[in-house]
Amino acid sequence: MGLDNITLIGTGIMGAPMARNIGRAGFRVTVWNRTRAKAEALADVATVAADPREAVAEADAVITMVDNSPIVTEIYFGELGVIEAAPTNALFIDMSSIQPSVARDHSGAVEKAGRRHIDAPVSGGEKGAIEATLAIMAGGRAEDFAEAEPVLKAMGRPTHVGVHGAGQVAKLANQAIVAVTIGAVAEAMLLAQEGGCDPVALRDALMGGFATSRILDLHGERMTERNWVPGGPLELQLKDLENALEVAREAGLTLPLTEKARDAFHALAKEMEMGRHDHAAYLRWLEAINPGKRLGAGPDRNPGANT
C-alpha cells in the first residue's frame, strides 16, 4: 500500500532539508520541532503540527532526526509518547545517530507496541541533506526497508545493511573513517604549509590522486578558509566516536586511530569549548599542540558568524 503520510520530527540543520526533499518528492509531510520557528520555515512544503502527538496521529511513517539517544527515547516513550499516538503498524524510521544497543532496544519496544522500526542514520552532512545525496544505512527487517525505500530515496542513497542496530553500526564505521581522515587532512595541510607549499594549491594538486576524498574536498576547503560554522558539529562527531569505541570494546577490538581521533575531539569539545564548531576544526587542536603554527592567514569563521 506504500507510505504516503510522512511525519518528520527534528527540523534542525539536517532535518529541515530532509523534510523539504520528502515534500518535493510528492509525499504529504507533517513536521514538528521543539523550537517551533524551525518547523515554521517549512510551512511551504509541510504541515506544521502544534505538538508531536498531533504530528504522528495519521502518519504512515515517522522519521526522527535528533541529536542523541536520550532525545529519541523521550520522543518515543517519554512525556511526548509518540509511539502510542501513532497508528498501529506505523513505521518508525530513526535517522538519528545513536548507540546500536539503544536502537535494538527501541526496535523491540516499538514492535511490542504494535508498530514497526528501522534505524537509518545518514552521512553527508548539511550539503548532502540539501542536495538529497545522503548515504543512508538502514538496519531492520528487509520488508520494512523495502516499504521505506521510496521515502528514503527522496533524501539520498539508501542501503539495507542488516538487522536492527546494523544501520547504527554502519554509521559508526563511517564516522571512524571521517574522523581519522579529517585528522590526516589537517596534518597534511599543516605539514605542506610548513614545508613551503601553498595549502590551497596542495588541495587542488591532490584531488584526482590516491588521496582524493570528500573529506579532502569539503573539509580541506573549510580548513584553508578557516570556516568552522558547523555543517557537522564536532560534539556530535565526538559522541559517535565514543559510541564506536563502545561497540569495539564489546567486540574485543582495539582501534588506535579512532581512539586518537576521539581524544582530539574530546579536547576540542570539553577543554577548548568548541563543541558547536564544525568537525573540520580538528585543525585547531593540531595547531594547539604545535604552538606558533597556524594554517593560512585569514580570520576564523566561528559558529554564529554571518555567512
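Contact, on this tour, means heavy atoms within 4.5 Å. What you have loaded is a predicted model, where local features need pLDDT of at least 70, side-chain atom pairs count only at pLDDT 80 or more, and totals for chains, interfaces and linings use all residues. Residues are numbered from 1 along each chain as its sequence is written, and side-chain values use heavy atoms, with hydrogens and water left out.

**Stop one: His117.** Select His117 and you land in strand E6, residues 116–119. (Helices, H or I of at least four residues, and strands, E of at least two, are DSSP runs numbered from the N terminus.) Leaving aside residues up to four places away in sequence, His117 touches Tyr76, Leu91, Phe92, Asp94, Ala103, His106, Ser107, Val110, Glu111 and His164. Now pick Phe92: its C-alpha sits 4.6 Å from that of His117, though the two are 25 residues apart along the chain. Is His117 buried or exposed? It counts as buried because its relative accessibility is 1%; buried means under 20% relative accessible area, exposed over 50%, partly exposed in between (1.4 Å probe, protein chains only).

**Stop two: Asn33.** Next, go to the loop between strand E2 (28–32) and helix H2 (36–40), where you'll find Asn33. Show its side chain: a polar atom there lies 2.8 Å from the backbone nitrogen of Thr11, and the side chain also reaches the backbone oxygen of Thr35 at 3.0 Å. At 13% relative accessibility, Asn33 is buried.

**Stop three: Ala269.** Finally, select Ala269 in helix H13, residues 256–271. Ala269 is buried too, at 15% relative accessibility.

Methods. Polar contact = N/O pair within 3.5 Å; in protein donor to acceptor, adjacent residues only side chain to side chain.
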